[in-house]
Amino acid sequence: MSFFHRHRGLTPYLLLGPGIAWLAVFFVVPLGFLAYQSLQSGNFDIGYAFTWSWGNYWHAIRDYHAQFVRSLEYAGLATVLALVISYPVAYWIAFRGGRWKNLLLLFIVAPFFVTYLIRTLAWETILSDNGFVVNTLQSLHVLGSSGRLLATSTAVVTGITYNFLPFMALPLYVSLEQIDGSLIEAAEDLYASKLHAFLRVTLPLSLPGVVAGTLLTFIPAAGDFINAQLLGSPENHMIGNVIQSKFLELTDYPAAASMSFILMAGILVAVAIYARIVGTEQLTGTAT
Amino acid sequence: MTDQLTRRELLKRGAAGSALLTVPGLLAACGGKAKSSSAKSAHKLAKTLHFSNWTLYMDTNKKKHTFPSLVEFQKKYGVHVDYVEEINDNASFFGKIQGQLSRGQSVHRDIVVLTDNDRYLSLMIKKGYVEKLDKSAIPNMKNLVDVQKHPNFDQNRDYSLPWQSGMTGIAYNDTLTGPVLSVDDLLTNPKLKGKVTCLNSMGDALTLVMLSNGDDPSKVTDKSFNAAFNRVKKAVDSKQIRQFTGNDYAPILARGDLMAAMSWSGDIAQLGNKHIHWNVPKDGGALWTDNMLIPKGGNVYTASFYMNYVYDPKVQGLMEAGDPKKNITGIYYIPPVAGAGEWAKKSDPSVASNPLIFPTKKMLDSVHLFDNNALNNQKYLTQWQNLISA
């Protein structure tokens with residue numbers, strides 16, 4: 001006790017210590033190793049050597065820009081869809097859920113007690129060529145008689161949207177739930193229409209949730225490969241599939257490492273642009 | 001005289017003592033490094049054999065959830081088999097163990113099983129990641145069928161021994177399509193458009209296509225590779241091929257989303273669906289074999305001893321056929337042990353007469369091995385991976 005009294009200034013650092021050590025050992029060091037590996041050349045048979053091989057990056061972009069763009073596209077699309085689907089749900093639970101709130105939230109989370117792979121395989125059955133969904137769409141002439149959903153981009157985006165929905169819905173719910181109802185009442189007392197009150201009060205106050213949800217959905221979705229693998233055909237494959245095949249099938253570790261870095265950079269740029277548009281205070285959730 | 005004895009005694013004791021001191025010391029110092037060779041060849045069975053295999057690849061008692069041949073092995077020899085079904089594809093499993101092996105560490109497995117039509121089996125041997133078999137403990141190796149005796153990745157079978165073989169051909173669902181008997185049909189018949197899958201293993205897929213092109217898959221040239229590759233690519237571009245798959249085509253085929261699929265014989269034998277038929281394509285199919293290996297640091301004697309056990313035709317026959325009366329299912333792939341058929345017949349005659357498990361001579365004559373050099377050709381591999389994952 002007296003030690004802490006004498007060295008009061010040290011306390012925050014001591015408390016931060018474990019966290020920093022964790023990040024250093026499990027994030028910074030592996031990242032450094034990945035960077036080192038991404039600049040190696042050679043192959044598995046003769047071994048790899050560090051040669052400042054920047055060509056790995058150039059080759060990755062030259063050969064696989066389509067998959068990079070597709071990953072950002074699918075992830076972006078899935079994020080927007082997840083937002084559109086979960087905002088009304090979260091809104092309704094937060095403002096109208098009453099004593100059922102916790103149960104309703106459980107319903108959102110419940111499917112996620114099942115493993116990721118099984119959930120995705122379930123979509124393979126739901127969207128199967130002779131399944132209910134395809135048959136209905138065919139009879140409505142939305143799909144041609146030989147049309148299908150499985151092994152198309154629709155199926156991949158649907159799968160990603162579904163799999164990441166709770167990451168969107170839960171932060172949205174939290175930020176909506178915190179909104180003080182009297183603020184909305186006040187807006188309406190001041191002659192704002194319901195729509196106006198929503199646009200001028202509720203929506204801005206829920207923005208930190210929107211931003212958090214968007215990031216939590218977009219970032220892992222961009223690196224996903226299971227959905228494209230199981231629900232897509234080769235022309236729907238994302239960069240995650242390429243990295244997986246480079247790493248495991250071709251044992252081309254430098255290529256896989258450089259692609260991981262490019263993906264990371266791509267996501268950072270996308271997030272930076274997004275932060276610029278919505279404002280950084282929303283990003284860190286400091287706005288209230 | 002006494003002097004000499006004493007000296008000899010002394011030397012002996014000294015040697016034994018230093019051996020005692022150094023062996024564990026070395027082991028500890030290396031932190032689980034491969035055991036020294038003297039420790040490995042000690043002819044003493046270990047208490048436990050760590051065996052990593054593919055899923056659904058062992059005779060199984062469905063009621064008791066046990067593996068009868070492994071239970072029998074333990075009963076007879078007192079060695080418990082820690083049997084783990086952890087291999088789903090060659091690449092992922094190799095990726096999992098190669099890090100430790102490349103650093104000279106043991107992977108704590110005594111037997112692993114890899115396929116000869118993928119590059120990793122030969123890579124394991126070439127890189128020195130495997131132990132030499134103790135052939136003195138495998139007298140039953142004489143029962144190995146002739147065609148398997150001198151594979152090009154291990155000419156004298158010093159490091160590997162077949163577990164089971166299978167054939168690659170075409171399966172089709174007769175409720176959705178007429179017979180699909182050729183690669184031509186599979187890749188170009190407009191009625192099958194978007195309703196067929198191709199295997200993602202290059203060796204399997206290209207063997208079939210090369211045979212259909214009239215090329216020899218066991219001696220791949222740039223010309224024959226490009227011809228076969230372009231044919232598959234064309235089928236992808238025209239959307240004839242819907243997906244590239246591993247084992248996962250089987251449920252999709254059974255569900256009716258596929259009319260036909262490039263497929264492995266054993267999967268269809270296990271599926272047991274009367275509407276799904278498997279055949280060797282008109283121009284020939286592929287033969288592949290899963291091989292047992294002892295990764296560095298594994299217990300060579302115990303592993304070799306187990307291999308000898310499964311190379312007993314009687315044991316192999318029972319493993320293959322199972323026993324329907326006792327609710328035991330067999331492996332249902334192609335056994336590499338001569339004479340297993342006779343024993344299989346005794347326990348389940350329907351298995352012994354199933355050509356997917358005990359193929360006819362005509363079938364075996366029409367299946368081919370893929371060129372091992374081509375499997376390790378980085379250019380071909382990259383091209384193939386780009387096709388199937390991009």
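This is a predicted model: local features need pLDDT of at least 70, side-chain atom pairs count only at pLDDT 80 or more; totals for chains, interfaces and linings use all residues.

User: OK, how many residues does the contact take from chain B and from chain A?

Analyst: Chain B gives 18 residues and chain A gives 19 residues.

User: Which elements of chain B supply at least two residues of that side?

Analyst: Those are α4 (90-102), β7 and α17 (378-389) of chain B. The largest share of chain B's side comes from α17(B), with 6 residues.

User: And how does that side of chain B split by class?

Analyst: The side of chain B that touches chain A has 9 polar, 6 nonpolar and 3 charged residues.

User: What does β6 of chain B do with β7(B)?

Analyst: Strand β6(B), residues 196-199, pairs with β7(B) in the parallel sense, over 4 bridges. To pick out one pair, B:L199 has B:T245 in β7(B) as its bridge partner.

User: New topic: B:M167. Where is that residue found?

Analyst: B:M167 is in strand β5 of chain B, which spans residues 160-173.

User: Buried or exposed?

Analyst: Buried, because B:M167 has 25 C-beta neighbours inside 10 Å, and the cut-off for buried is 20 or more.

User: What does B:M167 touch, leaving out residues up to four places away in sequence?

Analyst: B:M167 touches B:S265, B:V280, B:G285, B:A286, B:L287, B:P359 and B:V367. There's also B:W288, which is 121 residues away from B:M167 in sequence but 6.3 Å away in space, C-alpha to C-alpha.

User: What about chain B overall?

Analyst: Chain B has 17 helices and 12 strands. Of its 390 residues, 46% are buried. Among chain B contacts between residues at least 6 apart in sequence, 80% join residues at least 24 apart.

User: Last one, over in chain A. At what angle do α3 and α7 of chain A pack?

Analyst: Helix α3(A), residues 55-96, packs on helix α7(A), residues 153-177, at about 40°, with the axes 7 Å apart. That angle makes α3(A) oblique to α7(A).

User: Is the crossing left-handed or right-handed?

Analyst: The crossing of α3(A) and α7(A) is right-handed. The residues of their contact divide into 24 nonpolar, 2 polar and 1 charged.

Technical notes: Residues are numbered from 1 along each chain as its sequence is written. Chains are lettered from A and ligands numbered from 1 in the order in which they are written. Two strands pair if DSSP finds at least two bridges between them. Two residues are in contact if their C-beta atoms, placed from the backbone, lie within 7 Å. Ala, Val, Leu, Ile, Met, Phe, Trp, Tyr, Cys and Pro count as nonpolar, Asp, Glu, Lys and Arg as charged, and the others, Gly among them, as polar. A residue is buried if 20 or more other C-beta atoms lie within 10 Å of its own, exposed if 12 or fewer, and partly exposed in between; C-beta atoms are placed from the backbone. Axes are lines fitted to C-alpha atoms, for helices over the stretch in contact, and angles run from 0 to 180 degrees between N-to-C directions. Angles under 35 degrees count as roughly parallel, over 145 as roughly antiparallel, 65 to 115 as roughly perpendicular and the rest as oblique. A crossing is left-handed if the near helix is turned anticlockwise from the far one by less than a right angle, and right-handed if clockwise.
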